[in-house]
Amino acid sequence: MKIKGDSYLPLDALRGALVTNEHGCEFRIHGFSIRLDEVTNVLVDLKAYDEDGKLDSEVTCGVSIHALESWTIQLQGETA
């Protein structure tokens, strides 16, 4: 399957996706936010995995969407 360059989907469709940085660290997309003084900079709210491989439910970090250009993403399908 090829994805055309002008394709798009709502940001909400990325919630729960697995993203991996260039060092191999994995995170889940928890949501999206913006700072009111920088409304053109979308922040991706990420949850990290702890040393036991469990998703850390208490800590969320915001990373600029522009900083994720070299990261990989695995979209999650709906579960029944």
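Predicted model: local features only at pLDDT ≥ 70, side-chain atom pairs only at ≥ 80, totals over all residues.
**Entry 1: Q76**

I began with Q76, which comes out partly exposed at 39% relative accessibility. The scale I used: buried is under 20% relative accessible area, exposed is over 50%, and partly exposed is in between, with a 1.4 Å probe and protein chains only. Q76 sits in the segment after β5. Strands here are DSSP runs of E with at least two residues, helices are runs of H or I with at least four, and both are numbered from the N terminus.

Leaving aside neighbours within four places in sequence, Q76 touches G16, A17, L18 and R28. I also checked Q76 against T40: 36 residues apart in sequence, 26 Å apart in space, C-alpha to C-alpha.

**Entry 2: ground rules**

Residues are numbered from 1 along each chain as its sequence is written, and side-chain values use heavy atoms, with hydrogens and water left out.

**Entry 3: the whole chain**

I counted 0 helices and 5 strands, and the pattern along the sequence reads β-β-β-β-β. The C-alpha atoms fill a box of roughly 40 × 40 × 30 Å along the principal axes. Of the 80 residues, 25% count as buried. Among contacts with a separation of 6 or more, 28% come from residues 24 or more positions apart.

S33 is in strand β2 and is partly exposed, with a relative accessible area of 27%. Which residues does S33 contact once its neighbours within four places in sequence are left aside? I got N41, V42, L43 and D45. With D45 there is a side-chain polar contact of 3.2 Å. For that term I need a pair of N or O atoms within 3.5 Å; within protein, one must be able to donate a hydrogen and the other to accept it, and residues adjacent in sequence count only if both atoms are side-chain atoms. S33 to K47 is 14 residues in sequence and 14 Å in space, C-alpha to C-alpha.

S64 belongs to strand β4. Under the same exclusion of neighbours within four places, S64 contacts N41, V42 and L43. The side chains of S64 and N41 make a polar contact of 2.8 Å.

**Entry 4: aromatics**

How many aromatic pairs does a search of the whole structure find? I found 1. F27 and W71 are stacked, 5.5 Å centre to centre with 25° between the planes. The rule: rings of Phe, Tyr and Trp (its six-membered ring) pair if their centres lie within 6.5 Å, and planes under 30 degrees apart count as stacked, over 60 as edge-to-face, the rest as tilted. The pair links distant parts of the chain, with F27 in strand β2 and W71 in the loop between β4 (61-64) and β5, 44 residues apart. F27 is buried at 13%, and W71 is buried at 17%.

**Entry 5: the largest pocket**

The lining of the largest pocket includes F32, W71 and E69. By class, the lining has 10 nonpolar, 1 polar and 1 charged residues. Ala, Val, Leu, Ile, Met, Phe, Trp, Tyr, Cys and Pro count as nonpolar, Asp, Glu, Lys and Arg as charged, and the others, Gly among them, as polar.

How values were computed:
1 Å grid on protein atoms, 1.4 Å probe; cavity = no way out; pocket = protein on both sides within 12 Å on 5 of 7 lines; lining within 4 Å. Contact = heavy atoms within 4.5 Å.
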